[in-house]
Amino acid sequence: MGHRYYTVTWDQLHRDGRALAWKLLPLGPWAGIVAITRGGLIPSAIIARELDCRVIETVSVITYDEETRGEPRLSKPPTAAGSGAGWLIVDDLVDTGTTARVVRALLPEAHLATIYAKPAGKPMVDTYVTEVSQDTWILFPWDTEPQFTPPIAKARNGDG
Ligand SMILES: O=P(O)(O)OC[C@H]1O[C@H](OP(=O)(O)OP(=O)(O)O)[C@H](O)[C@@H]1O
Ligand SMILES: O=c1[nH]c(=O)c2nc[nH]c2[nH]1
Ligand SMILES: [Mg+2]
């Protein structure tokens, strides 16, 4: 796919999630969080805990099959957030901004926050923590597991 990988551990995700909560705290109070499933679920839990928010609603937009992007399909609309006024939409990242655009159209008055952002999606986000380049694929801890890696000296022989 011609991209590099950026591996995010549970520790780092927790730290970055809390950094996002620090940015969002002064922008509240929040009526509740709308988590974009599934990637936004764990970030939403971290942020809800830090912001002392107990209301979490979900919206489901299906855009990707693994690393291949298709047409966005709304599979579960939010039911409790009205126009989105006072609500916080949370996702793990914006890439092309396609998912965020669909959810923003549903909740035009909500504040949209992600932990990570790529340049193409950045204009769709109100608050984020870390930017990565467009050709970076972020590997989240729920999509990965620790495994053996060969010594550098041996790996070098393979692909220069
Ligand atoms: O800005 P975009 O180009 O739309 O990409 C970002 C979206 O893609 C991923 O979700 P995905 O569709 O893979 O579903 P998942 O959250 O269930 O893994 C990620 O969690 C974001 O929601
Ligand atoms: O796990 C993921 N990492 C990414 O970088 C990405 N971009 C869109 N969807 C994504 N999912
Ligand atoms: Mg997602």
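Me: What makes the shell around ligand 2 divide into 5 nonpolar, no polar and 2 charged residues?

Reply: In this predicted model, the shell of ligand 2 consists of Tyr 64, Leu 93, Asp 95, Trp 137, Ile 138, Phe 140 and Asp 143. Tyr, Leu, Trp, Ile and Phe count as nonpolar, and Asp counts as charged. The division is therefore 5 nonpolar and 2 charged residues, with no polar ones.

Me: How do the residues around ligand 1 divide, and which come nearest?

Reply: The shell around ligand 1 holds 6 nonpolar, 8 polar and 4 charged residues. Of its 18 residues, the nearest are Gly 39, Tyr 64, Asp 95, Thr 96 and Thr 99. Two or more residues each come from β2 (32-37), β3 (56-65), β5 (87-94) and α3 (98-106). The most are given by β5, with 4 residues.

Me: Why is Thr 99 called buried?

Reply: A residue is buried if 20 or more other C-beta atoms lie within 10 Å of its own. Thr 99 has 26 such neighbours, so Thr 99 counts as buried. Thr 99 lies in helix α3. Residues up to four places away in sequence aside, Thr 99 touches Ile 36, Val 61, Thr 63, Pro 72 and Asp 91.

Me: Why is Thr 98 called partly exposed?

Reply: The label falls between the limits for buried, 20 or more, and exposed, 12 or fewer. Thr 98 has 18 other C-beta atoms within 10 Å, and therefore is partly exposed. Thr 98 also lies in helix α3. Beyond its neighbours within four places in sequence, Thr 98 is in contact with Thr 63 and Pro 72.

Me: How do you know whether Asp 92 is buried or exposed?

Reply: The count for Asp 92 is 23 other C-beta atoms within 10 Å. Buried requires 20 or more, so Asp 92 is buried. Asp 92 is placed in strand β5. Its contacts, leaving aside neighbours within four places in sequence, include Gly 39, Thr 114, Tyr 116 and Phe 140.

Me: Where does the record place a "binding site"?

Reply: An unreviewed UniProt entry places this feature at Arg 38, Gly 39, Asp 91, Asp 92, Leu 93, Val 94, Asp 95, Thr 96, Gly 97, Thr 98 and Thr 99. UniProt also lists a "binding site", again from an unreviewed entry, at residues including Asp 95, Trp 137 and Ile 138.

Me: What makes β4 and β7 stand at the edges?

Reply: The open sheet has 6 strands in the order β4-β3-β2-β5-β6-β7, with mixed pairing. Each of β4 (68-76) and β7 (127-131) has a single partner strand, so one side of each is left without a neighbour in the sheet. On average, neighbouring strands are turned by 20 degrees against each other, direction ignored.

Me: How do you know that β5 and β6 pair?

Reply: Two strands pair if there are at least two bridges between them. Between β5 and β6 (residues 111-117) there are 6 bridges, in the parallel sense. The two strands therefore meet the requirement. In one of the bridges, Ile 89 has Leu 112 of β6 as its partner.

Me: Which helices lie across these strands, and at what angles do they run?

Reply: Helix α1 (residues 10-24) lies across β5, β6 and β7, at about 145 degrees to β7. Helix α2 (residues 41-51) lies across β2, β3, β5 and β6, and runs at about 160 degrees to β2.

How values were computed:
Residues numbered from 1 in each chain as written. Chains lettered and ligands numbered in written order. Predicted model: local features only at pLDDT ≥ 70, side-chain atom pairs only at ≥ 80, totals over all residues. Near = placed C-beta within 6 Å. Axes fitted to C-alpha atoms, helices over the stretch in contact; angles between N-to-C directions. Contact = placed C-beta atoms within 7 Å. UniProt positions renumbered as here; feature names shortened; annotations may be inferred.
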